Amino acid sequence: MRRQLELFSATIAATTNTQRMTFEEFHAANPHVYRELVKLARWYHQRGRNRLSMRALFEILRLRFIETENDGRFHLNNNFASSYSRLVMSQEADLSGLFELREKELRVA
């Protein structure tokens with residue numbers, strides 16, 4: 001049983017590392033996504049919103065950019081929402097605490 005838990009824990013860690021690398025690659029290649037998310041978050045925050053959903057902001061971006069992509073779709077992986085929430089709140093002092101976060105890593109006892 002302990003061996004199974006160790007393998008499960010190692011699999012979760014590898015998946016988390018892969019997702020982080022994929023996010024970092026996407027973020028480096030698409031800095032405009034971060035800028036637009038910050039603009040949207042500030043717009044809502046300045047109008048009195050103390051909590052926001054990054055997934056909702058993703059949908060707004062998809063609607064806003066739907067005509068700018070060749071195939072008519074704006075490609076933004078939903079798996080990146082939590083990473084963008086953490087990044088925005090860590091980089092933008094005025095938006096700190098705006099998004100509710102869950103613990104990202106699964107811990108196995």
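Author: One term to start with: a residue is buried if its relative accessible area is under 20%. By that cut-off, both F23 and Y84 are buried. Keep in mind that this is a predicted model.

Reader: OK. How many helices and strands are in the protein chain?
Author: The protein chain has 4 helices and 0 strands. Along the sequence the pattern reads α-α-α-α.

Reader: And how much of the chain counts as buried?
Author: The chain has 109 residues, and 29% of them count as buried.

Reader: What about contacts, how many join residues at least 24 apart?
Author: Take the contacts between residues at least 6 apart in sequence. Of those, 57% join residues at least 24 apart.

Reader: Back to F23. How buried is F23, as a relative accessible area?
Author: F23 has a relative accessible area of 7%, so it is buried. F80 is buried too, at 6% relative accessibility.

Reader: New topic. How many aromatic pairs does the structure hold?
Author: It holds 5 aromatic pairs. One of them joins F23 and F80. Their ring centres are 5.6 Å apart and the planes sit at 65°.

Reader: Why is the pair of F23 and F80 edge-to-face?
Author: Because planes over 60 degrees apart count as edge-to-face, and the planes of F23 and F80 are at 65°.

Reader: Where do F23 and F80 lie?
Author: F23 lies in helix α1, residues 2-29. F80 is in the loop between α3 (54-64) and α4 (81-91). The pair therefore ties together parts that are 57 residues apart in sequence.

Reader: Then what about the rings of F23 and Y84?
Author: Their centres are 4.8 Å apart and their planes are at 85°, so this pair is edge-to-face. F23 is in helix α1 and Y84 in helix α4, so the pair ties together parts 61 residues apart in sequence.

Reader: Which residues form the aromatic cluster?
Author: F23, F26, F58, F80 and Y84 form one aromatic cluster.

Reader: Let's switch to helix packing. At what angle do α2 and α3 pack?
Author: About 115°, with the axes 10 Å apart. Helix α2 covers residues 31-46. The two helices are therefore roughly perpendicular. Their crossing is right-handed.

Reader: Which residues meet there?
Author: From α2, V33, E36, L37, L40, A41 and Y44. From α3, M54, L57, F58, I60, L61 and R64. By class, that contact has 10 nonpolar, no polar and 2 charged residues.

Reader: And how far apart are the axes of α3 and α4?
Author: The axes are 9 Å apart, and the angle is about 105°. So α3 and α4 are roughly perpendicular to each other. M54, R55 and F58 in α3 meet A81, Y84, S85 and V88 in α4. That contact of α3 with α4 has 5 nonpolar, 1 polar and 1 charged residues.

Reader: Last pair. What is the angle between α2 and α4?
Author: About 70°, with the axes 11 Å apart. These helices are therefore roughly perpendicular as well. The crossing of α2 and α4 is right-handed.

Reader: Which residues of α2 and α4 meet?
Author: V33, Y34, L37 and V38 in α2 meet Y84, L87, V88 and Q91 in α4. The contact of α2 with α4 has 7 nonpolar, 1 polar and no charged residues.

Key: Residues numbered from 1 in each chain as written. Predicted model: local features only at pLDDT ≥ 70, side-chain atom pairs only at ≥ 80, totals over all residues. Heavy atoms only, no water. Phe/Tyr/Trp six-rings, centres within 6.5 Å; stacked < 30°, edge-to-face > 60°. Buried < 20%, exposed > 50% of the residue type's maximum accessible area, 1.4 Å probe, protein only. Axes fitted to C-alpha atoms, helices over the stretch in contact; angles between N-to-C directions. Parallel < 35°, antiparallel > 145°, perpendicular 65-115°, else oblique. Left-handed = near helix turned anticlockwise from the far one by under 90°. Contact = heavy atoms within 4.5 Å. Nonpolar A, V, L, I, M, F, W, Y, C, P; charged D, E, K, R; others polar.
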